Amino acid sequence: MGDFLAQYGFLIVTMVQAGLLGLSLYFPLQAGQLSLASPGFYAVGGYVAAILLTNPAFAGLRESLGNGLFPLTWLAAALICGLLGLVVGIPALRLRGIYLALATIAFVEILRVVSLNLGVTGGAIGIFGIPQAFGFQDRWQYIWLFGPLLILTLLFARQLERSRVGRAFRAIREDELAADAMGVPPTRYKVLAFVIGAVLAGIVGAMSAPFLNTWNAKQGTFDASIAILAFVLIGGSRNIWGPVVGGALLTAVPELLRFLADWRLVINGLVLVVASLYLPQGIVGALERLRRTRPPRRPETAALPGVKGGTP
Amino acid sequence: MELSQLIQNLLNGLAIGSVYAIFALGYTLVFSILGIINFAHGAVFTLGAYFTYTLVVGQFENNGLLKGVNLFPQGSPLSGNPWAFALATLIGAVIAGFVAVLVERLAFRPMRARGADPLLALVSSLGVALVVVNLIQLLVGAEIYNFPSDAYGEVRPALSFQIGDRVVIVRTVQIIIFAVSLAMLAVLGYVIGRTKVGKALRAVAESPGTASLLGISVDRFILITFFLSGFLGGLAGTLVGTAFGVAGPYFGVTYGLKGLAVIVLGGLGSIPGAVVGGLVIGLAEAFVPANYSAYKDAVAFALLFVILLVRPQGLLGRVQIQKV
C-alpha cells in the first residue's frame, strides 16, 4: 500500500484535482454558458494562497494562526475569486456561445500576462517554497483535502440540480428567451452559475499551491482552458460524473502512456480527436445510453444545446 | 512622441499587423463558411515556417528523429537569392494548404456528417493541433531554427533614413512582409469578390443548403476554403519566421490566440474585418511604450475584451438578429 501510494499518490490526487476543475467549468455550462475562465480563477486562488503562505507581509498572521491559516487561504481564495467572477461575469455574460468563450480566453490571457509582470506574484519565476498544508509529509496525503472537496462539490451539484436554482439553470440552457418570458431572470442565474464555478476553481487553486509547492504563470494558460474543456466534453457535459470521469481519465492517459515516451502527447491529441468524433455525449453519456434499453430521450447530436455560436 | 519614433512605430506596427491580418484571414474564411473556429490554424502556421525551412536549408542539427538528416548536401537549390526563397515560401504555403485540407477531412468532415455540436469540432481541431505540434517536436526537436542570412541572397541589409536627429531603421524583411501581405489581400479580394469560385464561396457561406440546391458542391468549396486558409496561415508562418526565426514547435500558439483577437475585433467571419483587426492590433502593440513592453502580449486580449463588451459584432461585423 505504501509503495502504491508513493508511486501513484501524486497521480491520483492530480486526477481528483482535474475532476474538480472540470466541475468548475460544468457549473456555468449548466446554465448554458461556455466559460473557459476556470484556469484564470484557479491561478488567482493559487496566488492568494501562495502569497498568504510565503509573503513576509503575512509572517505575523502565519505565526498566530499556525495550521489554521490553510482553511483561511481557501476562504480568502473563494471570496476573491467570487468577487472577481462577479466583476467579470456581469459584463461578460451578456455574450453568448463562442463569444463568451473568446472573452473568457482573453480574461485568462490578460491575467497570465499581468501575473508574469507583477512583483507580488514573483514575476516570471513565480512563488516557490510554499509550505506543505498541515505539515503533510507525502503528496498523496492531499487526498484528505481534495477528496472531501470533491464529495462536497458533487453533493452540492446534485442538490443544486434538484433545486429551484438548478431548474432555472436548465431552463436558461434549453432556451434563454423562453426562460426569460416565464419569469426566470437569465442574467442573475448566469452570473450565479459563473460565480459558483469561479469560487470552486479558486479553492482548488488555493489547495493546489501547497500541493505543487510552487506557483507561477504557467498554472493559468490557454492550454489549461482547453484541457479543462476537454475534461468536460470527453467525460460528458450532461451529468455531474462527466467532468470527474473526463478529468481523471485525461489526466491519467498521458501518465499511463509514459512507456510511449515522446509519442504520448501525439497520442493524447489523437484521443481527443477520436473521442470527440465517436463519443459526442462523452464517456458518461455513452455509458448511460448503453445502460438504457429504451431509445435515448434526447437526440444524440445535441451534446450541448443552448451553447451556440453565431450571435453575440 | 518624437516624429522619428512615431514613424518607426508606425512602420513596425504595419509590418506585424499585416502578418496578423493574413494569418487571421485563414481563421475568418473557415468561420464564415462553417461557423466554427479551427484551432489547428496556429499549428498550420508553424508548419508553414518549417516546410519553407526544410526546402531552404534541409538540415536538422539539434535533436529529434530527423537529427543529422541533410536533404541538400550540395546546398539547397531554393536558397541563395530572393526569387528562390520566394519560390520555397510559396511551395511551403501550398503544402501547409494541403495539411489544412487534411485537417478538414480528418477532424471536421466526419463531425459535419454526424451533425455534431460545433464545440466538439473545436475540441477535435485542438486535438489535431496537439498532434501536429508534438509531431514537429518529435521530428526536429524543440530548438529554434533560423533561416540563414544567405538564404535570401542580397536583400538582407536594412534600410535606414534620418528624420531630424534620429535614425529610423526599416528592416528589409518588414517591407517584404508588408508588400507580400498587401499582394495577398489584393489577390484574395479579387478571387472572393470577382471570380466564379469566390461567388460560389460566398453562396456557401450565406447558406450551404441553398448553395447545394443550386448545384454548388458544398464539400468541395469547404475544401477550397481550408486550402486557402492553410495557404495563408503557412505563408504568415514563413513571413514571421523570416523576421524572427522559427521559434520552435510552439511558435504558432501565441499567433493562434492573437488571431482570435484579430478576427473578433474586426468582426467574426468578415474578410475586411480581419484586415482592419490585424492592422489595429499590430499598431496598438507597436505603440506600447518601451517601459510597459512586458504587457505587450496583453494588448490584443484587452482590445478583444473591450470590443466584446461594447460592440460584440466587431468593428466591421454585421449585427445578427437573434432568432427565437
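This tour goes through the interface between chain B and chain A and then a surface patch on chain A.

The model is predicted, so that local features need pLDDT of at least 70 and side-chain atom pairs count only at pLDDT 80 or more, while totals for chains, interfaces and linings use all residues. Residues are numbered from 1 along each chain as its sequence is written, chains are lettered from A in the order in which they are written, and side-chain values use heavy atoms, with hydrogens and water left out.

Begin by selecting both chains: 43 residues of chain B are in contact with 45 residues of chain A (heavy atoms within 4.5 Å). The area buried between them, meaning the accessible area (1.4 Å probe) that the two parts lose on being put together, summed over both, is about 4200 Å², and carbon and sulfur atoms give 78% of that.

Now colour helices H3 (82–114), H4 (118–140), H9 (251–266) and H11 (296–310) of chain B, each of which supplies at least two residues of the side that touches chain A (helices are DSSP runs of H or I, at least four residues, numbered from the N terminus). H4(B) gives the most to this side, with 13 residues.

Finally, turn to chain A and select Leu61(A), Leu65(A), Leu72(A), Leu75(A), Leu79(A) and Ile80(A), a nonpolar surface patch with about 490 Å² of accessible area together (residues with over 30% relative accessible area and no salt bridge, nonpolar side chains being joined within 5 Å; a salt bridge is a side-chain nitrogen of Lys or Arg within 4 Å of a carboxyl oxygen of Asp or Glu; areas come from the Shrake-Rupley method with a 1.4 Å probe). H4(A) gives the most to the patch, with four residues.

Terms used
Patches are made of residues with over 30% relative accessible area and no salt bridge: like charges are joined within 9 Å, nonpolar side chains (Val, Leu, Ile, Met, Phe, Trp, Tyr) within 5 Å.
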